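Here is a short report on the fold of one protein chain.

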Amino acid sequence: MDILKIFFPDRCPLCERVRPFSQTGFCPECNLKLEKAKEFEKENTDKKYYDGGISLYTYESVNESLYRFKYMNRPEYAKSYAEKINDELKDWLLSLAPDVLIPVPLHKKRLIKRGYNQARELAVEISKLTSIPVNETCLKRVVNTAPLKLLNREERGINMKKAFIVVENVVNFRRAVIIDDIFTTGSTINAISKELKALGVKEVYFLTLSRAGK
Ligand SMILES: [Zn+2]
């Protein structure tokens, strides 16, 4: 038995109940509550710099869990989330065969306040299961953007412009997958994709645990 488990037991990310020593991840009842997100379709309205992507669950089915993951010091949920991503989206990842996973960075100020970047935690756990390397240093968030839920769609687009810069040579990445906990309008993913492509990444996709809206 892992002694650490006595002090930091594995909790189901959805209901927070402590899991038995032999088990990890979501409990069987909660598994049934997880709702798959619809397949992503590119809309033709605005210019999209990313080539496609996938989200596992609807935001509605995991929102409380994601809230704790981000704001209530539950970085350990990343492991259970990554197990689900690996179970459900392995084929997608294998067929894509990306060189690198790039977590959406947090601004330094917010990282200090929160103590961890949830997207980075998720990317690291996915990497452990898939052996696709993570790069968490090539991209920096230089503008501490206002929380997106306070802005409308148009403002989000403007808000995201120049929010990210690439600070390392990324020209050798043929295919990158951006990792985040949630896909809302795609403005974050789009802004990052634009920067990565401008510096030579050939193809950029996204993978998020959840998807809001439609
Ligand atoms: Zn549960």
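## Sheet and packing helices

In this predicted model, four strands make up an open sheet with parallel pairing, in the order 1-6-5-2. Strand 1 (52-58) and strand 2 (100-103) are the edge strands. Each of them pairs on one side only. Between neighbouring strands of the sheet the average turn is 20 degrees, direction ignored.

Strand 5 (residues 175-183) and strand 6 (residues 203-211) run parallel. Eight bridges join them. Phe 183 has Arg 211 of strand 6 opposite.

Which strands does helix 6 touch as it packs on the sheet? Helix 6 (residues 118-130) touches strand 2, strand 5 and strand 6. Helix 8 (residues 187-198) lies across strand 1, strand 5 and strand 6. Their directions relative to strand 5 are set out below.

| Helix | Strands involved | Angle to strand 5 |
|---|---|---|
| Helix 6 (residues 118-130) | strand 2, strand 5, strand 6 | about 125 degrees |
| Helix 8 (residues 187-198) | strand 1, strand 5, strand 6 | about 160 degrees |

## The protein as a whole

How many helices and strands does the protein have? There are eight helices and six strands. Along the sequence they follow the pattern α-α-β-α-α-β-α-α-β-α-β-β-α-β.

The protein has 214 residues, and 35% of them count as buried. Take the contacts between residues at least 6 apart in sequence: 72% of these join residues at least 24 apart.

Technical notes:
Residues numbered from 1 in each chain as written. Predicted model: local features only at pLDDT ≥ 70, side-chain atom pairs only at ≥ 80, totals over all residues. Pairing = 2+ DSSP bridges. Helix = DSSP H or I, 4+ residues; strand = E, 2+ residues; numbered from the N terminus. Axes fitted to C-alpha atoms, helices over the stretch in contact; angles between N-to-C directions. Contact = placed C-beta atoms within 7 Å. Buried ≥ 20, exposed ≤ 12 C-beta atoms within 10 Å, placed from the backbone.
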